[in-house]
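Visitor: I have a structure open here and would like to go through it with you. Shall we begin with the pocket?

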Amino acid sequence: QLQLVESGGGLVQPGGSLRLSCAASEFNLNHYAIAWFRQAPGKEREEVSCESISGRTATAADSVQGRFTLSRDSANHTIYLQMNNLKPEDTAVYYCALGNIGCGYVMAYWGKGVLVTVSS
């Protein structure tokens with residue numbers, strides 16, 4: 001069964017760091033655009049960062065520029081989101097996703113999400 005499984009979330013103080021992982025064991029990550037989205041309480045889901053299939057192009061929301069880094073380890077079928085200098089407004093459920101076409105298009109596969117809470 002094709003599935004994505006996120007891990008690494010939790011409670012962190014403002015200014016702290018977390019690394020989210022997304023296990024994609026049944027996927028050849030070289031064939032997909034990869035992305036992280038998030039949904040904060042009472043808000044719509046937003047794209048955090050996306051990398052094209054080729055890996056040559058990456059985008060990130062203005063709110064996370066310079067703080068979050070998306071990466072893929074194709075050999076180990078894992079996607080990462082390194083989050084530094086976390087802020088309370090980063091509190092959300094984070095989802096990893098894979099796309100057949102590319103960034104900016106509907107994603108084909110989604111994880112169930114992992115909660116990140118930034119609070120003192």
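Guide: A definition comes first: a pocket is an open set of grid points with protein on both sides within 12 Å along at least five of seven lines, and its lining residues have an atom within 4 Å of a point. Please note also that this is a predicted model.

Visitor: How many residues line the largest pocket, and which lie nearest its centre?

Guide: The lining comprises 13 residues. Those nearest the centre are Arg38, Ala40, Lys43, Glu46 and Glu89.

Visitor: What is the volume of the largest pocket?

Guide: Its volume is about 200 Å³.

Visitor: And what does the lining have by class?

Guide: Eight of the lining residues are charged, three are polar and two are nonpolar.

Visitor: Let us turn to the fold. How many helices and strands does the chain have?

Guide: There are 11 strands and zero helices.

Visitor: What is the radius of gyration, and what would a compact globule have?

Guide: The chain has a radius of gyration of 13 Å. This agrees with the value near 14 Å that a compact globule of 120 residues would have. Along the principal axes, the C-alpha atoms fill a box of roughly 40 × 25 × 25 Å.

Visitor: What share of the residues count as buried?

Guide: Of the 120 residues, 42% count as buried. The chain exposes about 6400 Å², and carbon and sulfur atoms supply 46% of that area.

Visitor: What about contacts between residues 24 or more positions apart?

Guide: Such pairs account for 57% of the contacts with a separation of 6 or more.

Visitor: Now Gly10. Where does it lie, and which residues does it touch?

Guide: Gly10 lies in strand 2, residues 10–12. Leaving aside residues up to four places away in sequence, Gly10 touches Leu18, Leu115, Val116 and Thr117.

Visitor: Why does Gly10 count as partly exposed?

Guide: Gly10 counts as partly exposed because its relative accessibility is 25%, and that class lies between the cut-offs of 20% and 50%.

Visitor: Which phi values are positive in residues other than glycine?

Guide: Among them are His77, with phi near 55°, and Asn85, with phi near 50°.

Visitor: Where are those two placed?

Guide: His77 lies in the loop between strand 7 (68–73) and strand 8 (78–83). Asn85 is in the loop between strand 8 and strand 9 (92–99).

Visitor: What are their relative accessible areas?

Guide: His77 has 29% and is partly exposed. Asn85 has 42% and is also partly exposed.

Conventions: Residues are numbered from 1 along each chain as its sequence is written. This is a predicted model: local features need pLDDT of at least 70, side-chain atom pairs count only at pLDDT 80 or more; totals for chains, interfaces and linings use all residues. Side-chain values use heavy atoms; hydrogens and water are left out. On a 1 Å grid over the protein atoms alone, a cavity is a set of points where a 1.4 Å probe fits but cannot get out, and a pocket is an open set with protein on both sides within 12 Å along at least five of seven lines; lining residues have an atom within 4 Å of a point. Grid points are joined across faces, edges and corners, and a volume is the space filled by probe spheres set on the points. Ala, Val, Leu, Ile, Met, Phe, Trp, Tyr, Cys and Pro count as nonpolar, Asp, Glu, Lys and Arg as charged, and the others, Gly among them, as polar. Helices (H or I, at least four residues) and strands (E, at least two) are DSSP runs, numbered from the N terminus. The radius of gyration is taken over C-alpha atoms; the globule rule is 2.2 Å times the number of residues to the power 0.38. Buried means under 20% relative accessible area, exposed over 50%, partly exposed in between (1.4 Å probe, protein chains only). Contact means heavy atoms within 4.5 Å. Accessible areas come from the Shrake-Rupley method with a 1.4 Å probe; for residues, only the protein chains shown count as cover.
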